[in-house]
Amino acid sequence: MASIPKILAFAGSTRIDSYNKKLVKIAAAGAKAAGAEVTYIDLRDLPLPLFDEDLEAQEGLPANARTFKELMISHQGLLIASPEYNSSLTAVLKNAIDWASRPAPNEAPLAAFTGKVASIMSASPGALGGLRGLVHLRSILGNIKVLVLPDQIAVAKAYEAFNADGTLKDPKQQASIEQLGDGLTKILLKLNYSGSRLREVHP
């Protein structure tokens, strides 16, 4: 029997009232409704120093980097909402990815990323909704062995897109974001089922 998919959801923002935190929570709700176990984390709660190999050599992986990496390893899927800063992803998101990519002794390279499946999205005050930043995020994740699903949503004019309760004013847009979580869950369920069937045939 296939196991319940585990999905880690987070935004590449530390701002308290972040549009992207609201966005990824909508996708997370869609994943939960589809049967996934979802863990939401706020990168504000896991502050990290800028990646520095000298610091790593002297002190090892920072505690918050270990926590983030362990969460990545223990989940099969990723829901990531990425703000766009100067046509790219945020420094806080790139820095978290860089720290999580560092191997522990006797650990396979990119253990926190290999074989993961991700859905990405963005919200921005601009007219493109953060679309240019998603191009860079997709490229980075693909290069570190994450399967990034083709569907993505960029919510433009985010300052007027959300209700006070964090939902989107446009019902179709709300449903599309929920569908990102739903779709990721269904892909993971299929992969888990295939894996369980293979284990049955080749124990």
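Hi everyone. Let's start with two helices, α3 and α4, which are roughly perpendicular to each other. Before I go on, please keep in mind that this is a predicted model.

How do we describe a pair like that? Two packed helices are described by the angle between their axes and the distance between the axes. Here, α3 and α4, which covers residues 91–100, pack at an angle of about 80°, and their axes are 9 Å apart. An angle from 65 to 115 degrees counts as roughly perpendicular, so that is the word I used for this pair.

Which residues make the contact? From α3 we have Ala65, Phe68 and Lys69, and from α4 we have Ala96, Ile97, Trp99 and Ala100. Sorted by type, the residues of this contact are six nonpolar, one charged and no polar.

Let's stay with α3 for a moment and find Met72, which lies in that helix. Is Met72 buried or exposed? Its relative accessibility is 2%, and buried means under 20%, so Met72 counts as buried. Setting aside residues up to four places away in sequence, Met72 touches Leu8, Phe10, Leu78, Ala112, Phe113 and Lys116. As for Asp98, it is 26 residues from Met72 in sequence, and their C-alpha atoms are 13 Å apart in space.

Now step into the loop between α3 (63–74) and β3, where you'll find His75. This histidine is buried too, with a relative accessible area of 3%. Its side chain makes a polar contact with the side chain of Ser74, at 3.1 Å. Leaving out neighbours within four places in sequence, His75 is in contact with Lys6, Ile7, Leu8, Thr39 and Lys116.

One of those names, Ile7, takes us to the largest nonpolar core, which has 27 residues. Ile7 is among the residues with the most contacts inside this core, along with Leu23, Leu79, Met121, Val155, Leu168 and Ile177. Where do the core residues come from? The elements giving two or more residues are β1, α1, β3, β4, β6 and α6. The largest share, six residues, comes from α1.

Beyond its neighbours within four places in sequence, Leu168 is in contact with residues including Leu23, Ile26, Val155, Phe162 and Ile177. There is also a second, separate core of 26 residues, and Leu8, Leu43, Leu141 and Val146 are among its members. You've met Leu8 already: it is one of the residues that Met72 touches.

Technical notes. Residues are numbered from 1 along each chain as its sequence is written. This is a predicted model: local features need pLDDT of at least 70, side-chain atom pairs count only at pLDDT 80 or more; totals for chains, interfaces and linings use all residues. Side-chain values use heavy atoms; hydrogens and water are left out. A nonpolar core is a set of buried Ala, Val, Leu, Ile, Met, Phe, Trp, Tyr and Cys residues joined through side-chain atoms within 4.5 Å. Buried means under 20% relative accessible area, exposed over 50%, partly exposed in between (1.4 Å probe, protein chains only). Helices (H or I, at least four residues) and strands (E, at least two) are DSSP runs, numbered from the N terminus. Contact means heavy atoms within 4.5 Å. A polar contact is a pair of N or O atoms within 3.5 Å; within protein, one must be able to donate a hydrogen and the other to accept it, and residues adjacent in sequence count only if both atoms are side-chain atoms. Axes are lines fitted to C-alpha atoms, for helices over the stretch in contact, and angles run from 0 to 180 degrees between N-to-C directions. Angles under 35 degrees count as roughly parallel, over 145 as roughly antiparallel, 65 to 115 as roughly perpendicular and the rest as oblique. Ala, Val, Leu, Ile, Met, Phe, Trp, Tyr, Cys and Pro count as nonpolar, Asp, Glu, Lys and Arg as charged, and the others, Gly among them, as polar.
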